[in-house]
Amino acid sequence: GKTLNTKKDSNNNNNFYYSWFHLPKRWFTHFYILGTVVNSILIFLHHLDKESSSFNVLQWIYQIHVTRRLLECLFVSCFSSSALIHVVHYVL
């Protein structure tokens, strides 16, 4: 974040923390690829059941969102090599 100091000094005791708990921000692209594929499969399987529900509407809204974010990561965002995310953000 804005308060994270990413300077890597040899005397810094937090190097272990930085190297093990932070990932390159460009890895969010993997998250959105996975989200798009998995949600597409769920929509397809739900369509085979031919049940209409509000859950189906929520799936389509989520599909639009995750696809938009995937396109944003692929074609709009330019991640710097020093941009980091915490591993918890990636897992969630």
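The structure holds 2 salt bridges. A salt bridge here is a side-chain nitrogen of Lys or Arg within 4 Å of a carboxyl oxygen of Asp or Glu. This is a predicted model: local features need pLDDT of at least 70, side-chain atom pairs count only at pLDDT 80 or more, and totals for chains, interfaces and linings use all residues. Residues are numbered from 1 along each chain as its sequence is written, and side-chain values use heavy atoms, leaving out hydrogens and water.

Start with Glu 72. Its side chain meets that of Arg 68 in a salt bridge (3.3 Å, N to O). Both residues lie in helix α3 (residues 54–75), 4 residues apart, about one turn of the helix. Glu 72 also forms a salt bridge with Arg 69, with the closest N and O atoms 3.7 Å apart.

Now look at the aromatic rings. A search of the whole structure finds 1 aromatic pair. The ring centres of Phe 31 and Tyr 32 are 5.1 Å apart and the planes stand at 75°, so the pair is edge-to-face. Rings of Phe, Tyr and Trp (its six-membered ring) pair if their centres lie within 6.5 Å; planes under 30 degrees apart count as stacked, over 60 as edge-to-face and the rest as tilted. Tyr 32 is buried, because its relative accessibility is 7%. Phe 31, at 24%, is partly exposed.

Methods. Buried means under 20% relative accessible area, exposed over 50%, partly exposed in between (1.4 Å probe, protein chains only). Helices (H or I, at least four residues) and strands (E, at least two) are DSSP runs, numbered from the N terminus.
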